[in-house]
Amino acid sequence: MERFVDAAPGVRLWTEDRGAADASPLLLIMGAQASGMGWPDALVDLLAARHRVIRYDHRDTGRSTWAFDQRPYPIRELADDALAVLDGLGVERAHVVGLSMGGMLTQLLVADHPERLLSATLIGTSALSEAPYVRPDGTRIPPGRLPGIAPRVLEMWSRPVVDLGPEAEVERRVEHWRVLGGDQLPFDAEYFRALERKIIEHTGHHDAGTAHGRADASGLDRTALLATASVPTLVISAPAEPVFPPPHPDHLAQVIPGSRLVEIPGMGHALPPAVHALLADAILGHTSGPGGS
């Protein structure tokens with residue numbers, strides 16, 4: 001079922017939920033500049049076998065309000081939007097799964113609104129904490145010295161986006177996924193081509209959004225609150241991750257007490273068909289623990 005919820009004055013968010021209405025809710029939070037349609041239907045359906053799965057479009061993506069230039073906002077306000085989605089759909093508590101920036105927003109919810117979460121799953125993200133990473137040999141590494149974004153990703157992100165029409169934009173996005181996917185799994189260009197065409201059709205235009213890259217990213221540190229967090233947390237480790245490469249997942253699992261760490265072989269910073277079943281199994285295994293499914 002699709003519907004819109006009001007997140008703030010002048011801001012409406014597109015939402016969709018699948019699965020049994022009385023099943024335990026599971027909220028999917030996408031990354032920066034990504035529509036909720038970026039969560040593949042096949043993965044959503046696997047999760048919906050056990051959950052009422054909710055996905056939504058961030059502000060300035062998909063069918064939600066695009067108005068950053070008129071109403072700029074900080075990144076942390078997007079976490080409030082996630083709560084607005086739950087409120088608008090009448091959900092008191094939910095399992096929350098966040099990818100990339102969505103993983104950061106999920107951490108904000110873990111830290112600031114733990115009463116709203118049954119569990120958290122963090123994918124392709126970094127810790128909102130200044131606590132050091134402790135290597136197996138006991139060496140303590142400040143977060144700022146952990147491996148950074150791969151040069152090929154930075155080079156791609158540095159290129160200006162030129163509007164050459166919808167098909168050229170699809171091909172630009174396919175190349176983007178090729179780089180983000182890493183180098184361990186075969187790349188299925190046609191799969192991502194079909195995904196991006198569907199997202200453009202859903203959105204109603206092929207404009208490349210830039211709002212989240214321009215939004216204020218201050219005020220995200222939650223070192224103390226994450227160190228005492230009680231939300232059951234799963235961290236997905238992706239060995240081919242080019243944005244937040246290992247040991248970022250290990251660091252994140254150290255930051256949030258009691259976290260479980262599960263590796264998805266070959267996974268990078270993308271959701272190709274090869275990872276859907278393994279990822280769904282990991283998430284469903286987690287949500288069937290404390291908090292219930």
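Author: The model is predicted, and the labels are taken in turn below.

Reader: Why are helices H4 and H5 called roughly antiparallel?

Author: The axes of H4 (residues 151–158) and H5 (residues 166–180) cross at roughly 160 degrees and come within 10 Å. Angles over 145 degrees count as roughly antiparallel, and H4 and H5 are therefore given that label. The crossing of H4 past H5 is left-handed.

Reader: Which residues make the contact between H4 and H5, and what is its make-up by class?

Author: From H4 come Arg 152, Val 153, Met 156 and Trp 157, and they meet Glu 175, His 176, Val 179 and Leu 180 of H5. By class, this contact has 5 nonpolar, 1 polar and 2 charged residues.

Reader: Why is His 202 called buried?

Author: Buried means under 20% relative accessible area. His 202 has 7% relative accessibility, so it counts as buried. This residue is part of helix H6 (residues 189–203). Leaving aside residues up to four places away in sequence, His 202 touches Trp 14, Ser 35, Met 37, Asp 57, Gly 62 and Arg 63.

Reader: What makes Gln 33 partly exposed?

Author: The partly exposed class runs between the buried limit of 20% and the exposed limit of 50%. Gln 33 is at 26%, so it counts as partly exposed. Gln 33 is in the loop between strand E3 (24–29) and helix H1 (41–48), and has a positive phi of about 60 degrees although it is not a glycine.

Reader: Is Asp 60 buried or exposed, and how do you know?

Author: Its relative accessibility is 6%, and Asp 60 therefore counts as buried, the cut-off being under 20%. Asp 60 lies in the loop between strand E4 (51–56) and helix H2 (77–88). Although not a glycine, Asp 60 has a positive phi, of about 65 degrees.

Reader: Which residues touch the most other members of the largest nonpolar core?

Author: They are Leu 27, Ile 29, Val 85, Leu 105 and Leu 109, in a core of 58 residues. Helix H3 (residues 101–112) gives the most to this core, with 7 residues. Not counting residues up to four places away in sequence, Leu 109 touches Ile 29, Ala 79, Ala 82, Leu 83, Val 96, Pro 114 and Leu 117. Another core, of 25 residues, lies apart from the largest one, and Ala 48, Ile 236, Leu 279 and Ala 282 are among its members.

Reader: Where is there a cis peptide bond?

Author: The cis bond joins Pro 246 and Pro 247, with omega about 15 degrees. Pro 247 is in the loop between strand E9 (233–237) and helix H9 (248–255).

How values were computed
Residues are numbered from 1 along each chain as its sequence is written. This is a predicted model: local features need pLDDT of at least 70, side-chain atom pairs count only at pLDDT 80 or more; totals for chains, interfaces and linings use all residues. Side-chain values use heavy atoms; hydrogens and water are left out. Axes are lines fitted to C-alpha atoms, for helices over the stretch in contact, and angles run from 0 to 180 degrees between N-to-C directions. Helices (H or I, at least four residues) and strands (E, at least two) are DSSP runs, numbered from the N terminus. Angles under 35 degrees count as roughly parallel, over 145 as roughly antiparallel, 65 to 115 as roughly perpendicular and the rest as oblique. A crossing is left-handed if the near helix is turned anticlockwise from the far one by less than a right angle, and right-handed if clockwise. Contact means heavy atoms within 4.5 Å. Ala, Val, Leu, Ile, Met, Phe, Trp, Tyr, Cys and Pro count as nonpolar, Asp, Glu, Lys and Arg as charged, and the others, Gly among them, as polar. A nonpolar core is a set of buried Ala, Val, Leu, Ile, Met, Phe, Trp, Tyr and Cys residues joined through side-chain atoms within 4.5 Å. Buried means under 20% relative accessible area, exposed over 50%, partly exposed in between (1.4 Å probe, protein chains only).
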